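This report describes how one protein chain is packed. The sequence and the structure are shown first, and the description follows.

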Amino acid sequence: MSLRQMEYFVTVVQETSFTRAADALHVTQPALSHQIKALERSVGGPLLERLPRGVRLTPMGRAFLPHAELAVRSAAQARRAARATAGAEGGELHVAALHSLAVGALPDVFARWRTAHPEVLLRLHEYATADALEEAVQRGTADLAVGPEPAGRSGTVVPVGEEEVVLVVPFDDRLAGRTTVTLPELAGHAWIRCAMEPVVHGELFLDRVCGRAGFRPRTAVWTEHTSTAVRMAAAGVGVCAAPAHVVRGAVGEDCVVLTPEPAWKRPLAVYARVPPTGAAAAFTDLLRAAWPVLRAAGPYEDCARPAGPVT
């Protein structure tokens, strides 16, 4: 079994067709079929079921696919790391991040990176939840990930800063003249909720913290993205909770930002399956320099250590 054979197999699965896979790989279809058959002989059985139109994985193929994908992606990572080691110049850097970080916190960091390392191509992979982000790292999709510190802490984890979650209300809200607020003061408000809201010990984060404050949040609107929830709150639909960097990126100064008392914070980290080198190490250093130094943990970290999807 060879890496090339696994790459051919993964491409056939992705394209669901020998013809399209051969075109993508720039090989002839007979040569591709020959390599797949050789791979099947080496593993001891059929990996693909040939259909009149396309292909389908066999049970053996479904078991083999994630390992083949990991091998192919790890080889690509190794090539990128080797090319970018000398001064972090040349090659590519694949960065995985939560959507909220990609929208709010990473644009400035990417701009600084492009100024310092214009020869390194950046590829950003965005994910809705921390679970999906961690899974992508384990699959080898990216060279490194940026997000909340992973619960399992497998591989290399480098703390790089922290994220603060704030509350957003419109300018005409009765609390608009304030800078801080306690949760009981929001008991009568409608809330804008987001599908990316963290789940803590099987319970949505806002349900959990508001329940501890003596009320259940009255939901007015559910949104798919945090930035949409912020704009809804700024327009007066209700109050929403969102990372501070998303609020700045989504609506600028067109809303009132309130800090909960006590504040909600959680650590952010860069993590990868192997220690960052070359461009990945340089990018990690840039994040540590650009983002605030970790302060004392707040209740958001204490209460919201992820037990499920986390944005």
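Which residues does Leu 287 touch, not counting residues up to four places away in sequence? Leu 287 touches Leu 106, Val 109, Val 146, Val 160 and Val 270, where contact means heavy atoms within 4.5 Å.

The model is predicted: local features need pLDDT of at least 70 and side-chain atom pairs count only at pLDDT 80 or more, whereas totals for chains, interfaces and linings use all residues. Residues are numbered from 1 along each chain as its sequence is written, and side-chain values use heavy atoms, with hydrogens and water left out.

**Overall composition**

The chain has 12 helices and 14 strands; helices (H or I, at least four residues) and strands (E, at least two) are DSSP runs numbered from the N terminus. Of its 311 residues, 50% count as buried, that is, under 20% relative accessible area, with exposed meaning over 50% and partly exposed in between (1.4 Å probe, protein chains only). Among contacts in the chain with a separation of 6 or more, 74% are accounted for by residues 24 or more positions apart.

**Nonpolar cores**

A nonpolar core is a set of buried Ala, Val, Leu, Ile, Met, Phe, Trp, Tyr and Cys residues joined through side-chain atoms within 4.5 Å. The largest such core has 33 residues, and Leu 287 is one of those with the most contacts inside it, as are Trp 113 and Phe 283. At least two residues of this core come from each of strand S3 (92–98), H6, strand S4 (121–127), helix H7 (130–139), strand S5 (144–148), S14 and H11. The most is given by H11, with 6 residues. A second, separate core of 20 residues includes Tyr 8, Ile 36, Leu 47 and Val 72.

**Aromatic pairs**

The whole structure contains 4 aromatic pairs. Rings of Phe, Tyr and Trp (its six-membered ring) pair if their centres lie within 6.5 Å; planes under 30 degrees apart count as stacked, over 60 as edge-to-face and the rest as tilted. Two of the pairs are tabulated here.

| Pair | Type | Centre to centre | Angle between planes |
|---|---|---|---|
| Phe 110 and Phe 283 | edge-to-face | 5.8 Å | 85 degrees |
| Phe 205 and Trp 264 | edge-to-face | 5.1 Å | 85 degrees |

Phe 110 lies in helix H6 (residues 106–116) and Phe 283 in helix H11 (residues 278–290), so their pair ties together parts that are 173 residues apart in sequence. Phe 205 belongs to helix H8 (residues 205–212) and Trp 264 to strand S14 (residues 264–272), so this pair links parts 59 residues apart in sequence. Phe 110 and Phe 283 are buried, and both Phe 205 and Trp 264 are buried. Phe 110, Trp 113 and Phe 283 form one aromatic cluster.

**Helices H2 and H3**

The axes of helix H2 (residues 18–25) and helix H3 (residues 29–43) come within 9 Å and cross at roughly 105 degrees. H2 and H3 are therefore roughly perpendicular to each other, a term for angles of 65 to 115 degrees. In this contact, residues including Phe 18 and Leu 25 in H2 meet residues including Leu 32 and Ile 36 in H3.

**The loop at Thr 58**

Thr 58 is found in the loop between strand S2 (55–57) and helix H4 (59–84). Thr 58 is buried, with a relative accessible area of 12%. Not counting residues up to four places away in sequence, Thr 58 touches Pro 46, Leu 47, Leu 48 and Glu 49. The C-alpha atoms of Thr 58 and Pro 46 are separated by 6.9 Å, although these residues are 12 residues apart along the chain.

Terms used: Axes fitted to C-alpha atoms, helices over the stretch in contact; angles between N-to-C directions. Parallel < 35°, antiparallel > 145°, perpendicular 65-115°, else oblique.
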